[in-house]
Each structure stands twice: as C-alpha cells, then as structure tokens.
Amino acid sequence: MNAPGTLTARLISGSRSIPGAANALKSVSPALRSALGGSNAVAAQYGSYMKNGALITPTASQANLVTVAEGGGLANAAKAAGTMRGLGVVGSAGATLYGVVNLSTYDSEKIANNPDKFASDLTGTAFNASLTAAMVAPNPVTVGLAVGTGVVYAGALAWENRENIADAWNTSTEWVGDKVGDLGKGMASGASKVGKFLNPFD
C-alpha cells in the first residue's frame, strides 16, 4: 500500500515538507521506530522475493509476514511486524474467531427471526477475516477484499440499525432547527437593541 508512487508513499513524502515533521521523525530513536512500526532490516532480509526477474525488497509495512516467518521464524516475523501491526493482527484475528463462534450458534429459525442481525454478524466476520489477511500479507487482492467487505459490513450495520439512525437523524435535525430559530431570535433582538442605541428617540 505504501510502495513508491502510491498514495500513502506520496503522503509520507509530502509530510517531510511540513515544518517540523522531518525533525519530529528524526527525534524518535531507530530502536523505538522498529519496535512500533517493524524492522525494515528484518523485512528486507527475510521478506525479499523475485518478481519479473527483479529483486523486490519490502519495507516492514509491506512485508508478507508469512514469507518472513517461513524464512526467519515467528520471532523475526514479529520483529518485521512491529507492535502496532502485531496488535492489529491479533485484534482482527480474535474478532474473526469470535465471529465464527457466534455464527455457529445460528440455526435456520434464529436467522429467520432476525435476518438483519445475521447479515451484520456474517459480513462483520468476513470483514475481520479479510482485514487479518491484509495485515498479514498486504497486496492488492487482500487489501481490496478488506475494503470491499468493509463497505458491505458498514451497509449491513446501517440497515440493521436503520430505525435508530432515523430517530437520531430526526432528533438532530430538530435540535439544529431549534438552535437556528433561537439564533434568529437572538439576532433580531440584538439588532433591535443596536437600533435603539443608535436612535434613542425611536
């Protein structure tokens, strides 16, 4: 996702031109950067591969953790992942496992009684599974699946909670309408006071 020429790479490159951003990045020790974001050296050592006759050397965030684990073991895969990515993998994998267990409790009667809930649980589990795959092995296919299932999951959640969303929308529009009305009354009152101040004989 952050290979040269991609949107993320351009954003990272652009951040270097922001005053203080480059110095802020330099002030973080290399050891801390590796611990949080993953080791580029480990990713390059165990995650490199050949493509179209060229050697591809990934950064820590680009590395396929399965490839790194096959070449250097789980410890080096953890070093390449870093804390932030590692926590993301563990969290999404745990959510996927919970979703699978939850889906196993459904039967045809339960689905028929609450199809909206089943749809959101099913799409949520699919999203967490694809997100796990994208974080473990980032490539256009896994990232595309994560985005696609995420959109479907968001739609299923919105449909399941459509009544609450509609109620919240109505409440918020009423609140905004009341505030705008109060603001209009306040402005009219203020204008009247200013007019009286400018023309005390009125």
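A nonpolar core is a set of buried Ala, Val, Leu, Ile, Met, Phe, Trp, Tyr and Cys residues joined through side-chain atoms within 4.5 Å. The legends below describe views of a predicted model.

**Figure 1. The largest nonpolar core of the protein has 9 residues.** Its members are Val 42, Ala 43, Ala 60, Ala 63, Leu 65, Val 68, Ala 77, Ala 80 and Ala 81. Two or more residues of this core come from each of helix H4 (40-47) and H5. The greatest contribution is that of H5, which supplies 5 residues.

Figure 2. When neighbours within four places in sequence are left aside, Val 42 is in contact with Gly 47, Val 68, Asn 76, Lys 79 and Ala 80.

**Figure 3. Helix H3 packs against helix H5.** Two packed helices are described by the angle between their axes and the distance between the axes. For H3 (residues 30-37) and H5 (residues 65-103), the angle is about 75 degrees and the axes lie 4 Å apart. Angles of 65 to 115 degrees count as roughly perpendicular, and H3 is therefore roughly perpendicular to H5. On the H3 side, the contact involves Ser 34, Ala 35, Leu 36 and Gly 37. These meet Lys 79, Ala 80, Ala 81, Gly 82, Thr 83, Met 84 and Arg 85 of H5. By class, the residues of this contact are 5 nonpolar, 4 polar and 2 charged.

**Figure 4. Helix H5 packs against helix H7.** The axes of H5 and H7 (residues 115-136) are 8 Å apart, at an angle of about 175 degrees. Because angles over 145 degrees count as roughly antiparallel, H5 is described as roughly antiparallel to H7. The contact of H5 with H7 includes 13 nonpolar, 8 polar and 2 charged residues.

**Figure 5. The protein as a whole, shown as the setting for the close-up views.** The secondary structure consists of 9 helices and 2 strands, in the order α-α-α-α-β-β-α-α-α-α-α along the sequence. Of the 202 residues in the protein, 21% are buried. The accessible surface comes to about 13400 Å², and carbon and sulfur atoms account for 67% of this area. Among contacts between residues at least 6 apart in sequence, 55% join residues at least 24 apart.

Terms used:
Residues are numbered from 1 along each chain as its sequence is written. This is a predicted model: local features need pLDDT of at least 70, side-chain atom pairs count only at pLDDT 80 or more; totals for chains, interfaces and linings use all residues. Side-chain values use heavy atoms; hydrogens and water are left out. Axes are lines fitted to C-alpha atoms, for helices over the stretch in contact, and angles run from 0 to 180 degrees between N-to-C directions. Angles under 35 degrees count as roughly parallel, over 145 as roughly antiparallel, 65 to 115 as roughly perpendicular and the rest as oblique. Contact means heavy atoms within 4.5 Å. Ala, Val, Leu, Ile, Met, Phe, Trp, Tyr, Cys and Pro count as nonpolar, Asp, Glu, Lys and Arg as charged, and the others, Gly among them, as polar. Buried means under 20% relative accessible area, exposed over 50%, partly exposed in between (1.4 Å probe, protein chains only). Accessible areas come from the Shrake-Rupley method with a 1.4 Å probe; for residues, only the protein chains shown count as cover.
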